[in-house]
Amino acid sequence: MEGIRGDGASSALPLSQWGHDSWRMYQYYLDKTTPHTAYRWIGTLVITAIYCLRVYYVQGFYIVAYGLGIYLLNLLIGFLSPLVDPELEVTDGPLLPTKGSDEFKPFIRRLPEFKFWYSMTKAFCIAFIMTFFSVFDVPVFWPILLCYWTVLFVLTMRRQITHMIKYKYIPFSIGKQKYTGKKPSASSSGFRGD
């Protein structure tokens with residue numbers, strides 16, 4: 001009785017070890033892509049183009065494309081939103097400055113760039129794989145889905161931009177911030193009284 005259970009456990013061990021090793025290798029290469037932002041996004045654009053060509057040539061899978069569009073809109077909102085929303089949470093931690101005299105606090109995203117890229121790329125890969133299974137090709141009138149998604153996108157972005165204007169934050173930094181030093185005050189005009 002013991003020998004039978006031991007054989008099953010020993011045959012499952014190499015499979016488990018192989019899965020663990022594969023996952024570690026995948027994570028290793030994923031971590032190596034972290035500093036290469038431009039190359040990652042170029043790769044995602046290539047995957048996006050392949051997916052779009054697939055949907056165009058097959059002339060179907062519009063419900064998959066619609067679901068993908070809704071998911072990407074959700075990711076975009078997380079990418080553009082601050083970690084701590086001043087409307088929803090009152091915390092003792094750093095908040096967005098609301099006046100010009102407030103202390104500068106860096107913008108911290110709810111969804112970091114790497115996770116945004118990774119989730120977006122994974123979503124396009126999954127949607128591409130779904131186009132090979134006819135069960136996901138639900139017959140729909142695609143112009144209605146496109147109109148509905150466009151209206152949803154415009155309304156959501158308008159609300160997000162209004163939130164950005166109200167709390168005076170920009171989710172993008174352009175260029176490196178430079179320290180300009182202290183501004184000379186009127187009392188320190190250079191007269192030293194020696």
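Helices here are DSSP runs of H or I with at least four residues, numbered from the N terminus. The model is predicted: local features need pLDDT of at least 70, side-chain atom pairs count only at pLDDT 80 or more, and totals for chains, interfaces and linings use all residues. Residues are numbered from 1 along each chain as its sequence is written, and side-chain values use heavy atoms, without hydrogens and water.

I noted a volume of about 530 Å³ for the largest pocket. A pocket is an open set of points on a 1 Å grid over the protein atoms alone, where a 1.4 Å probe fits, with protein on both sides within 12 Å along at least five of seven lines; lining residues have an atom within 4 Å of a point. The volume is the space filled by probe spheres set on the points, which are joined across faces, edges and corners. Of the 21 lining residues, Ala65, Tyr66, Gly69, Leu146 and Trp149 are closest to the pocket centre.

I then turned to H4. Its 18 residues should span 26 Å at 1.5 Å a residue, and the end C-alpha atoms are 26 Å apart, which agrees. The expected span is 1.5 Å times one less than the number of residues. I found Phe116, Trp117 and Phe124 among the buried residues of H4; buried means under 20% relative accessible area with a 1.4 Å probe, protein chains only.

Key: Helix = DSSP H or I, 4+ residues; strand = E, 2+ residues; numbered from the N terminus. Buried < 20%, exposed > 50% of the residue type's maximum accessible area, 1.4 Å probe, protein only.
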